[in-house]
Every structure is written in C-alpha cells, then in structure tokens.
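Reader: I have a model open and want to learn to read it. Where do we start?

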Amino acid sequence: MAVTVKVTLVKPLIASSLPSCNLRQYLASNSYNRGVIVRAAQMATATSTKPSKIIDSHLHVWASPQEAADLYPYFPGQEPILSGHVDFLLERMVEAGVDGALIVQPINHKFDHSYVTSVLKKYPTKFVGCCLANPAEDGSGIKQLEHLILKDGYRAVRFNPYLWPPGQKMTNEIGKEMFSKAGELGVPVGFMCMKGLDLHLAEIEELCTEFPKTVVMLDHVAFCKPPINDEESLAFSELLKLSRFPQIHIKFSALFRVSRKPYPYDDLFEVLSQVVSSFGVNRVMWGSDFPYVVPKCGYKEAKEAVSSIANQVPLSSSELDWIMGGTIMQLFQGLWLS
C-alpha cells in the first residue's frame, strides 16, 4: 500500500527555529543550521510513495571455478578468492530481506559479460545489469556498449578510469562518445574513483557539464572517508559541491571501504548527514558491494548498518526508505517488478 511522506512538521520547524536575525546570518552561523534548512526544504518538496522493495544498488557476481572452467572463464590474473556465485548471493538476499539488486560487471570477467548476462536472463525481475565500459582506443567498446544495452538488456554502465589506456582520461574522444551514448540510450553511468575523487573530479565535472542528460552514480561515496585532514576535507567538500549537477546520485555503498571504524561503521553518520543535506535522499542509495562485504561484516549486517547510521543522523523512516530502495527504483523506473 502506498504511503505518502508526511511533511506537516516542516513549515513549523523552519518558522520556529529561525532567530530574530536575517536568514543569511543564521545560515552563516554554523553548518548544522544550514543542514536543518536544506533538509526541511527537501522534505517539503519531495513526496513519494513508500517503496515496497529493498534494492541493493551495488554488488557483483561471478562464475564458480567449475563454471569458469566450462563456460565462463575468468580474465587472466583476476581469478577470485571469494565465492561470488549467484546462488550464494540469493541465499544471502533471502536472509537479509533484500528484494533485488543492480549487478555491476566484475573485473574478474572484465569485458566478457556472458556470466552476468546469463544471470540477468534467468532472474529478470530480481536483477538489473550494469555493464563495464571498454575504453579501447580502436573504439570497439562503443559498439559493445550499444550491444549490451540494446541486445542484452543492461541498464547502466560503469566507467573504471583505471582501464583507460595509459595517459588517457575518461574525457578523451572515446570516453565522451560512450558517456554521450549512455545518455542517449537512457542508462546511468557509474564512476569508480578508487584512488581518490580528487584524481577524477575534473573529468566528472567536464562530462556532466557537456552532457547534462547523462545520469551519474558515484560508487561508494566516491571513496571519500570521514575527513581527518585538510586534504580529505577538501575532497569531501568537492563531493558535496557536485550536488549542483542534478544528474549526479550517490551510492552509500561498500561502507567497509569508506569507514575508519569496524562494523557497524558509526563514524559515517556525519558523512551520510551531509550527503543527504546536499543531494537529498532521493539522490542517495544503499549498496552492499557483495561478495566483498561478506567476510567484512556479512551481507545482512551490511544492510542493517545503514539503519543504525541513519538513526544517528537522524533520518526519518521515510528518508531511510528512499535510500534503501526508493531512489534506485525511481532511477530505474519499471524494473524490479514482480
């Protein structure tokens, strides 16, 4: 049953909280005040139905060793040490109460998408696919991208900047053509900034400026950990400034990669608070990074950590609903339907 987000308390919150000074002085006084105003404005403008499903925005699957030997070979040098078979994933999803997921093509199979494609065809209402962009200099990756989307049914594409030829950037001719093509075909682009957002910020800004119709997802909070020095504070500030691009969404995913503390990663509450204040809950989505998360804390526990962190912010149940499924189902409309 659809439940509309209630915002009856928002107007009184703003009116009663403002002191007898002008708004600019109030906002300038501290960041908490700014967060109150921004959060209230977002809740006042965003009404939605409560999502009936919990969707994992980021995970991987790969073939078992036997399947790899018979049908779906691993890319040389990328043989996995963890179990990432879809049957193992499905067991964890049932245990955790997760209804669906976006499968991101793993580096273990690199540009051979045959295993993930087989999973998508077998479970069409459970999984949606995110393919891996091939930035080969001969341009063959552009045709491959079109095929994966139009023929194999992938609905997103990942840009891994470390797969670009040495000395090349994601803003080269091939990168721009693929980014533009993604927008043309209506599929979001996910960026993996594993070595730091600062290394790729200019590229992301250039692509988003030149191609505003292409939707973007930043994996794992763009790998921004809770800042502990000026350099990290600047990087996190730049992440928040990316909210000026309305097409950019944030994956609050792989928390074990961005937290400085063990499970339940409670140092991330301020990160989540500021991300939500800047982007809005309808541009933030949870992701597990299965199977890597399993030995770190467990799949079910990864899901539960988000609720624990959200309670510290605090977020309302309606805001948490957006992060746990509402945002990604809005982004990929018509998918994960029974």
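Author: We will go through strands, crossovers, salt bridges and cysteines in turn.

Author: This is a predicted model, so local features need pLDDT of at least 70, side-chain atom pairs count only at pLDDT 80 or more, and totals for chains, interfaces and linings use all residues. Residues are numbered from 1 along each chain as its sequence is written, and side-chain values use heavy atoms, with hydrogens and water left out.

Reader: How do I read strand β4, and which way do its residues point?

Author: Helices (H or I, at least four residues) and strands (E, at least two) are DSSP runs, numbered from the N terminus. Buried means under 20% relative accessible area, exposed over 50%, and partly exposed in between (1.4 Å probe, protein chains only). Strand β4 covers residues 156-159. Ala156 and Arg158 point one way. Val157 and Phe159 point the other way. All are buried.

Reader: In which sense does β4 pair with strand β3, and with β5?

Author: Two strands pair if DSSP finds at least two bridges between them. β3 (residues 127-132) and β4 pair in the parallel sense, over three bridges. Ala156 in β4 is the bridge partner of Cys130. β4 and β5 (residues 189-191) are also parallel, again over three bridges. There, Val157 stands opposite Val189 of β5.

Reader: What is the hand of the crossover from β3 to β4?

Author: Point the strands away from you. A crossover is right-handed if the path from the first strand over the helix to the second then runs clockwise. From β3 the chain passes through helix α7 (residues 140-150) to β4, and this β-α-β crossover is right-handed. β4, helix α8 (residues 173-185) and β5 make a right-handed β-α-β unit too.

Reader: How many salt bridges does the whole structure have?

Author: Look for a side-chain nitrogen of Lys or Arg within 4 Å of a carboxyl oxygen of Asp or Glu. The search finds 14. Take Arg158 and Asp219: their closest N and O atoms are 3.0 Å apart. This pair links distant parts of the chain, 61 residues apart. Arg158 is in strand β4, while Asp219 is in the loop between β6 (216-218) and α10 (230-241).

Reader: Why does Arg158 count as buried?

Author: Because its relative accessibility is 8%. Asp219 counts as buried as well, at 1%.

Reader: Which salt bridge does Glu184 form with a lysine?

Author: Glu184 pairs with Lys181, closest N and O atoms 3.4 Å apart. The two are three residues apart in helix α8, so about one helical turn separates them. Glu184 is exposed at 58%, whereas Lys181 counts as buried at 15%. Lys241 is partly exposed at 43%, and Glu238 is buried at 18%.

Reader: How many disulfides does the structure hold?

Author: A disulfide is a pair of cysteine sulfur atoms within 2.5 Å. The structure holds zero. The sulfur of Cys130 is 6.2 Å from the closest cysteine sulfur, in Cys131, so it is too far for a bond. Cys130 counts as buried at 2%. For Cys224, the closest cysteine sulfur is in Cys193, 8.2 Å away and too far for a bond. Cys224 is buried, with a relative accessible area of 6%.
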